[in-house]
Amino acid sequence: MKYIWGCLLLFFLISCESDSTNRNPYLQEVNFRFDLNLNLPLYNDLNNIGNPVYVGNNGVGTRGAFVMRTGLDTFFAFEASCPNHTPNSCSTMTIDGQNVTCSCEDFTYSLFTGQQLNRPDDGTRYYDLLFYRATQSGNVVTISN
């Protein structure tokens, strides 16, 4: 009986994956916290659903973050560096309506879902936008990682 329990325990230990996250290997994990005051003209677009804002302050993500109100009380924040290659001179994406575009490969991503919209069908693993936490308290939206 001890042999059976020992085998079961060994099986469960071997089947556990040591890496509990499946984050992007191209983008470094950066810890930050940044508050956006919705009363300031700079972040006025966030008072309406579907208007993204680029936050390029030092210490916010790798290359900044895109923040967008996606519902009455819901905000999404994503890394501004293209998730499908290491950060370089062309990897900071630009806002195109409610999407963002990487000028390196012309990859387009939705700011409502973070998904890549024009994913090539070439068998290569492509990553969606790196998600950051965005919480609202009164007139302040806090983005963090």
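In the predicted model, the side chain of Ser 91 reaches the backbone nitrogen of Asn 88 at 3.0 Å. A polar contact also joins the side chain of Ser 91 to the side chain of Ser 81, at 3.4 Å. Ser 91 is placed in the loop between β4 and β5. With a relative accessibility of 0%, Ser 91 counts as buried. When residues up to four places away in sequence are set aside, the residues touched by Ser 91 are Arg 63, Ala 80, Ser 81, Cys 82, His 85, Thr 86, Cys 102 and Cys 104.

The cysteines were examined next. A disulfide is a covalent bond between the sulfur atoms of two cysteines. With a cut-off of 2.5 Å between the sulfur atoms, the count comes to one disulfide. This disulfide is formed by Cys 90 and Cys 104, whose sulfur atoms lie 1.7 Å apart. Distant parts of the chain are linked by this pair: Cys 90 belongs to the loop between β4 (75-79) and β5 (94-96), whereas Cys 104 belongs to the loop between β6 (99-101) and β7 (108-110), and the two are 14 residues apart. Because the torsion about the S-S bond of Cys 90 and Cys 104 is about 110 degrees, the disulfide is right-handed. Both partners are partly exposed, Cys 90 with a relative accessible area of 25% and Cys 104 with one of 27%.

Cys 82 and Cys 102 present another case. For the sulfur of Cys 82, the closest cysteine sulfur is that of Cys 102, at 3.4 Å, which is too far for a bond. Conversely, the sulfur of Cys 102 has the sulfur of Cys 82 as its closest cysteine sulfur, again at 3.4 Å.

Elsewhere in the chain, Leu 40 is located in the loop between β1 (33-37) and β2 (53-55). The relative accessibility of Leu 40 is 41%, so this residue counts as partly exposed. Leu 40 and Asn 139 are separated by 99 residues in sequence, while their C-alpha atoms are 9.7 Å apart in space.

Conventions: Residues numbered from 1 in each chain as written. Predicted model: local features only at pLDDT ≥ 70, side-chain atom pairs only at ≥ 80, totals over all residues. Heavy atoms only, no water. Helix = DSSP H or I, 4+ residues; strand = E, 2+ residues; numbered from the N terminus. Buried < 20%, exposed > 50% of the residue type's maximum accessible area, 1.4 Å probe, protein only. Polar contact = N/O pair within 3.5 Å; in protein donor to acceptor, adjacent residues only side chain to side chain. Contact = heavy atoms within 4.5 Å.
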